[in-house]
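Open the model in a viewer and keep the selection panel at hand. The stops below follow the ligands and then move to another chain.

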Amino acid sequence: MSIDKTKYDALVVGGGIAGQEAALSLADMDYKVLLVEKDLSIGGKMIHLSKVFPTLDCAACITTPKMSETARHPNINLLLNTNILEIEKDNGIFSIALTIRPKYVKEDLCTGCQLCEWVCPVIVDDGFNNNMVGRKAISIAFNLANPKVAAIDMNHCIKCKKCEIACVPKAIDYSMQPQNISIETKTVIISTGFNLFKPENKPQYGYGKYPNVIDAMQMDRLIAPTRPYNSVVRPGDGKIPDKIAYVLCTGSRDTSIENAIGCSVDCANNPICSQICCMYSIKQAQLLMGALPLADITIYYMDIRAFGKGYEEFYQQAKGMGVSFIKGKIAKITQKDHNSGDLILRYEDVTTGTLKEAKHDLVVLSVGVLPNNEIAKVFTNQKLELDDQRFIKQVDELLSPSLTSIEGVFVAGTAAGPKDIPDSILSAGSAASEAASYINNI
Amino acid sequence: MSTETFSPKILVFSTDKISDPGIDQAGLRKLHYSPSVYVISLPCSSGIKPRWIMRAFKQGFDGVFIAADGHECSYSPKCAEHTNTIIVESQKMMKENNINPKRIRMAALCSVCAEPFVSHMGNFSKILSELGSLETEVYKAQ
Amino acid sequence: MKQRIGVYICHCGGNISDYVDVEQLGKLMAKENGVLISKNVMFACSDSTQKEIEQDIEENKLDSIVVASCSPKLHTHTFRNVAIRAGLNPYNYTQVNIREQCSWAHSDKPMDATIKAYGLIRAGINRVSYSEVLESLEISAQKVVAIIGAGVAGMRAAVDLARMDNQVYLIEKGNTVGGHVAQAGRLFPTNENGKEVVDRLYQRIRQQSNITLFTNATLEKVSGSIGNFWIEVKLGSEELKLNVGSVLVTTGFDFYDPKEGEFGYRLSDRVITLPDFNKMVENSKGKLIHNGKSVKSVAYIYCVGNRQSKGENRYCSRQCCTAAIHSSLHVHEKFEDMTAYHLFRDIRTYGKQELLYQQSSKNGDIYIRFEEKEPPVVELKNGNPTIKVKDYLTTKRELTLDTDLVVLVTGMVPRTDSNSVSSKLKIPIGIDRFFNEIHPKLKPVETVIKGVYIGGACQGPKNINESVQSALSGAAKINATLKSGNINLEPIIARVNADSCLWCGKCAEVCEYDAISSIANGGKLIAEVNKATCKGCGICAPTCPSNAIELAQFTDNEIESMIDGLMSKAEISPRVESQQNNQKAGVQSLAGYPKIWRTIANALEGNTLTIPQIAEKIDQEASLVTWHLMTMNRYGFVESAGLNDNEDYFMYKLKK
Ligand SMILES: Cc1cc2nc3c(=O)[nH]c(=O)nc-3n(C[C@H](O)[C@H](O)[C@H](O)COP(=O)(O)OP(=O)(O)OC[C@H]3O[C@@H](n4cnc5c(N)ncnc54)[C@H](O)[C@@H]3O)c2cc1C
Ligand SMILES: Cc1cc2nc3c(=O)[nH]c(=O)nc-3n(C[C@H](O)[C@H](O)[C@H](O)COP(=O)(O)OP(=O)(O)OC[C@H]3O[C@@H](n4cnc5c(N)ncnc54)[C@H](O)[C@@H]3O)c2cc1C
Ligand code: SF4
Ligand code: SF4
Ligand code: SF4
C-alpha cells in the first residue's frame, strides 16, 4: 500500500463480518482505513460457522470473498495479532497506540505452505475448533485464514527447530519482539463483536463435566465442511448421535446465575434475549437432519423468535422436516451413567404443566450473546459509555444507530447488541455512512 | 486398454467464486484425486457452451463434470435450471455423436466442499471406467 | 495470436517443485509457439521476481505473460499489477494453478502431476495467445440521487447522502413527510414521540441545501441505467424529468387491514387495530376513553394477518410484539387500574426488547398462549366482545375473557402500489411480496438493477432503528459508486457479433439484469449489451442459436484452445534427481509426539477399532482418546475404516 501508514481517515477495530463490511464500505468511498484485529486472521465468528440461516448458504462461501477483498483493498491496511493500547482524542484527531504481537514467522516470507505444521511434534488445543481437537504449536489459524501465515504458540513451543529447518523461504524467527506503533485517525469504528456465554456458568447443565454436553458453536464446527472430525460424532466417545437435544436460552433471558466463572455476576446474568440462538438452533437442526437422517432432534424453547425476513418460513420448514419443538425450560441435566455417556434432561413441559424427563445422547446448549466491551477501557481522555447491558451505548438509537458517546466514534455490528449476520452487515453499512458524513464535514 | 490401467480423463468446469475454491481446498488438504482430472473455471456454470463440451470429447476427454453453484450462485436464482438446460442440450449433441449421455454430470459444490469433490471424482471415474474410453465407445457405435 | 509470450513457472519453494518437475517443464515451454521467454522462479510472488517479470516485459516487449503457480484466487491481482506497472494490459496475463489443483492434489503421483502441469500450462499459453486488450469501462455518473419515499428511512438516507456531497431529490407521494412514524405517538425503545422524531429529522433535511423535497409527487417513468437514470415525476399538473446517478427506494409498508369479521373486526366498534388503539392512547387524558366509554381492560390478540401457515402472509412482522407490549406499558403508566391480556403465539421481543416484556409481566399483564390451530374466538353480544381461548401455558385450559376492548396486533404488509413501483424500477418482488434484495448477506440493499437500491420497511418488516440502518447502508453503497463522478466497470462483459446475430431475443430472456435489448443495425435488429448493467455472468452465451454472443475473456477461442492445450501430448522424461527429499510430508515417525499417540498407535497396530474399544484397551477416558485420535487423523497418522456392525461408531486404523 502506498499510503502514509501513520495517518488514516478511519480506524476499524475488529475484523468480523461487521468490521470487514465497514472497512470495505469506507475504502470504496476512497477513505484510508486501518483495520486492527486481535486474532491471527480476520473473519470473526462467522468464519467458524457451517451454513447460515435462513438461506442455508455456506458461511465460508460468503465470508472468504469478503475477507480477500478486505485484505487486498488498496485503501485498507490490515494489522493482525494486534492490540490497541490507548486511544486519545485531541483537537478532533484520535491518536492510537498499538502493539503488534509477534507471530515468530515473517509474514512477507511465509507462503502458507504448512510444511512447518506437518513437522512440528507439539500438540495444543485448536481454538478454531473450540478445543474439540488438537493442532500443532506452529500452524495456520485455520484453512481459510486471511492472511494465510503461520504463527507459533510460544507458550508451548519447545524450540526443537524442526519448523525452522522445514521452512524453505526461511520465514521462522524465534527472536521476534512485539512492535509498538502509533497512528492518527479522524474516526474510529468499533466492531469488536460479542462474547459467547460460558456454559460453565450454568453448572446444572453439566457443561465441562459431561463430555456430551456441548455448546452451539461446537455444534456449528461439527457440521461445518471444515469440521474437526470426519463426521458428526460425540466428542465424548466418537458415537454417531441419534437423539439430540437443544436447550435454548442458555444464558439468555436469565437472571438466576450465581457464582459466575471468569467474570463478575453482572456480566453472566443476562436478562435480554440473544436474538440469534433460536434461529441458529433451527438451522443446525435442519443441517443435522441432512447429515444424520436417522437422528431425532428436539428443541426445548421458551418462545421461538423467528422474526426476520424468511425466518418464520424457515421455522415452519424445520417443523415440516420433523424437528420436535417442546415448550419447556430445562431445570437440570445429568449423565445417565459414565459408560453410555447419555444424558437425562429434567424439564417442565409448559403445555401439559408436568415435570418430565427425557434421555438424549447429545445435548447442545444454545448459548447467548454477551457484550465484549474491553475496548471501552482504552479511551484515555474520553468516556465510551456502555448501556445497561454493558454493550457500547447507542446515543441516538432511532435516527443515528451508530453514534456513540464520543463524537467521531461509531459502533457497528454486535458490539452494540445482539444481531444476526444480515443485521450486523446493515449496521456496519450504516456506521460507514455516518462516519463518512462526519469526516466529510470536519 | 484394460480397465485396470485406464484412468478416465475428466474435464471439470468450475466457477470462479464458489466451486473452484472448493476444488482448491481438496488440493490444500492433500485429498488426492485422479491426476487425469483437469479444471477450467468460469464466472458461472450457466455460461458453459455445449460446443465446448463437444470440443472436450473430441479432444479425448472421457467425461465432463460441471461443478455448479446450486442456489449459492450470485448471478441468477435460476442458475441450476439454466445449467441443466445446457446439459440437456449437450446430451442431445452427444447422442448424435454416439457418446453415452452418462459421460456428463453435474453437482453443486461449495467453496469448502473438498471431500464431496473428491468423492464425486471417484464415483465419476468409476462410471467412466465401466463405460470404457470414449474412443472405443464411439468406435464401437460406428 | 501472441508472438512474445513470457512464461514463469514457480517452484513455490518446493510446494510445487517437490512433485512437479518444473525445470523440465520450463525447458519444454520454451519451445512452444509464441513463447519468447520461459523461466523457473523460486517464488513468483516475491518482490524480486515481480521486478524481474516487469523488466522482462519492458526489455523484451513481451505481449503477454503466463504465470504458473498457485491458485488464481491468491495472486491474480498481484500479477495484473505487475503487468500494469510494466505497461502491459492486465488482461494479457493468465494465471495457471499448478499448486492447489496439481502438485498438492497429486502429491502422491509426481510423474502424473508433471504431465498434468504440462497440459495446464499449455492451456494457459493457448489462452493467453487469444487474450485481448481490454479496457475497464468508465461511465460518467451524476452525483445526484433520487430517493423514493420520505418516511424515516428515506429522510435519514437523504441527510447522509447530502452530507457526503450528493445532490438529493426526495420524492414523496403524500403531502407530508415521515411516513408511519409521523403518525405514531410514543415509540419503543426510546420513548420518544413519533412526531418529534420526524420533526427532528425534518430540521436536519432543511439544513442541507442540496436536498430538494417534492411532496405530492408521483413516480411516472424511469429510464436509463446506473450513472444516468431519468426519473419522470408528476407534481400536480407539472412534469419533471430528473437526471440521477442512482435511486434509493424507501417506500415503506402498509398496515395490515383485517378483513371484516376477522376476530370480530368491523362487526363491533370495540375491536380495533393496534395503530388505532395507539392513537386513542395518545389522545386520551386521565382516563382511557373509547367512543365515550372508559376502558379498563384490554385484550391484545397477536399475529393478526401474520404467520399464517396457510394464508397469504406467512412471514412474521418482526416489530408488532414489541409494539403491542410497549403500548401496554404506556397504558399502564398513563392510566390507573388497567388489566391487560396478551393472547400471543410466541413473544418475539428479541434482543434488548426483552426488557419491555419483563416489565410488562412485572406490571401484572396476563399472558395467554394460543396456537395457530386453535386461535381465540371473539364472540359478540350486542357489540360486546367475549373471547374464548385455550391457554397453552396452563394445560390448554379454556378461558373466557370479557374485556372492554379487543386490540388486534396487526403487522406489516407490502404497499398496495408496490407492484407499480417494482415494474417501473424493475425491482424483483419476493415470495412475501416485499421488494427483494439480491442476497440477504452479500448484497442486502442492492437489487438486480445496478444503481437501484432498497432500504427500510419496503424490503421487509423492520422497526425504525433497523429501517434507518438499512437505508444508510444503501446510502453508503450509493456514495461509493458515485463518489468520483465516474464509475469504473470490469470489462468482462458480454458482446454481440453483429453479423451473425438474428435478434431472436433468447439472450435477453435469460439475462437477470435486463442488460440486453435490441437495436437497429445495418437494416436488421440485433442484440445490444448495456455495458453498464451487464454483470459478466455469461448466462446469455449458451442460449444463442447462432452463437452470436460471447463473454470477453471466455470466448470460444480462449476456452476451446485451453481444452486443446490440456490434452496436448507431452514427451516427459522421468525426473533425473531422485525423489529422496520428498519424504518430509509423508512418512513421519511418532518420536517426539505425545506418549498417548504412541499408545494409541500400538493399540491400532494390525487392528481396526472404535474409540470406546481403544479407550478400554489402553485404559484411558474415551473423551481423551477422541481428542487425540481426531488430531492424529487430522495429521495423517490414522484414518477412518468405516462403520462398525451396529453402525453407531466409526472404526479407525493406522494410515500407512
Ligand atoms: C453458534 C452460532 C451460530 C450462528 N449462526 C448464524 C447463522 O446461521 N446466521 C446468522 O445470520 N448469524 C449466525 N450467528 C451470528 C453471527 O455469528 C453474528 O451475527 C456475527 O458473527 C456478528 O459479527 P460481528 O462482526 O459483529 O462480531 P464477531 O464475529 O464477534 O467479530 C468481532 C471481531 O473483532 C475482533 N475483536 C474483538 N475485540 C477486539 C479488540 N479489542 N481489538 C481488536 N479486535 C477485536 C474479534 O477477534 C473478531 O474478529 C451465529 C452465532 C453463533 C454463536
Ligand atoms: C403499529 C406499529 C407500531 C410501531 N411502533 C414502532 C415503535 O414504537 N418503534 C419503532 O422503532 N418502530 C415502530 N414501528 C415500525 C415503524 O413504523 C417502521 O419501522 C417505519 O415506519 C419504517 O419506515 P419506512 O421509512 O421504511 O416506511 P414508511 O414509514 O412506510 O414510509 C414510507 C414513505 O414512503 C412514501 N411512499 C410510499 N410509496 C411511495 C411512492 N410510490 N412514491 C413516493 N412515495 C411513496 C410513503 O408515503 C411514506 O411517506 C411500528 C409499526 C407498526 C405497524
Ligand atoms: S434467540 Fe431464542 S434462544 Fe436465543 S435468547 Fe432469544 S429466545 Fe432465547
Ligand atoms: S412480531 Fe410477534 S405479533 Fe408480530 S407477527 Fe411476529 S410473532 Fe406475531
Ligand atoms: S453476461 Fe450475464 S449479465 Fe451480461 S448480458 Fe449476459 S446474461 Fe446478462
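**Stop 1: ligand 1**

Select ligand 1 and the residues around it: there are 36, and Glu37(A), Lys45(A), Thr414(A), Lys419(A) and Ile421(A) come nearest. A residue counts as near a molecule if one of its heavy atoms lies within 4 Å of it. This is a predicted model, in which local features need pLDDT of at least 70 and side-chain atom pairs count only at pLDDT 80 or more, while totals for chains, interfaces and linings use all residues. Residues are numbered from 1 along each chain as its sequence is written, chains are lettered from A and ligands numbered from 1 in the order in which they are written, and side-chain values use heavy atoms, with hydrogens and water left out.

Next, show the polar contacts (pairs of N or O atoms within 3.5 Å). An oxygen atom of ligand 1 is 2.9 Å from a polar backbone atom of Ile421(A). For Phe53(A), a polar backbone atom is 3.0 Å from a ligand 1 oxygen. With Asp39(A) the polar atom belongs to the side chain, 3.5 Å from an oxygen of ligand 1. Taken alone, ligand 1 exposes 1000 Å², of which the protein buries 96% (Shrake-Rupley method, 1.4 Å probe).

Now colour chain A by domain, with bounds from an automatic or database assignment. Ligand 1 lies between domain 1 (7-101 + 178-193 + 372-441) and domain 2 (197-369) of chain A, because both give residues to its shell.

**Stop 2: ligand 3**

Which residues surround ligand 3? They are Leu248(A), Cys249(A), Ser252(A), Arg253(A), Cys273(A), Ser274(A), Gln275(A), Ile276(A), Cys277(A), Cys278(A), Asp303(A) and Arg305(A). Strand 15 (243-250) and helix 7 (277-291) of chain A each give two or more residues to this shell. Here helices (H or I, at least four residues) and strands (E, at least two) are DSSP runs, numbered from the N terminus.

**Stop 3: chain C**

Colour chain C as domain 1 (5-133), domain 2 (144-252 + 415-486), domain 3 (256-412), domain 4 (494-556) and domain 5 (583-654). The C-alpha centres of domain 4 and domain 5 of chain C lie 58 Å apart.

Cys12(C) is in no disulfide, and the nearest cysteine sulfur, that of Cys10(C), is 5.1 Å away. For Cys102(C), also in no disulfide, the nearest is that of Cys12(C), 13 Å away. Cys102(C) is buried, at 0% relative accessible area, where buried means under 20% (1.4 Å probe, protein chains only).

Conventions:
A polar contact is a pair of N or O atoms within 3.5 Å; within protein, one must be able to donate a hydrogen and the other to accept it, and residues adjacent in sequence count only if both atoms are side-chain atoms. A disulfide is a pair of cysteine sulfur atoms within 2.5 Å. Buried means under 20% relative accessible area, exposed over 50%, partly exposed in between (1.4 Å probe, protein chains only).
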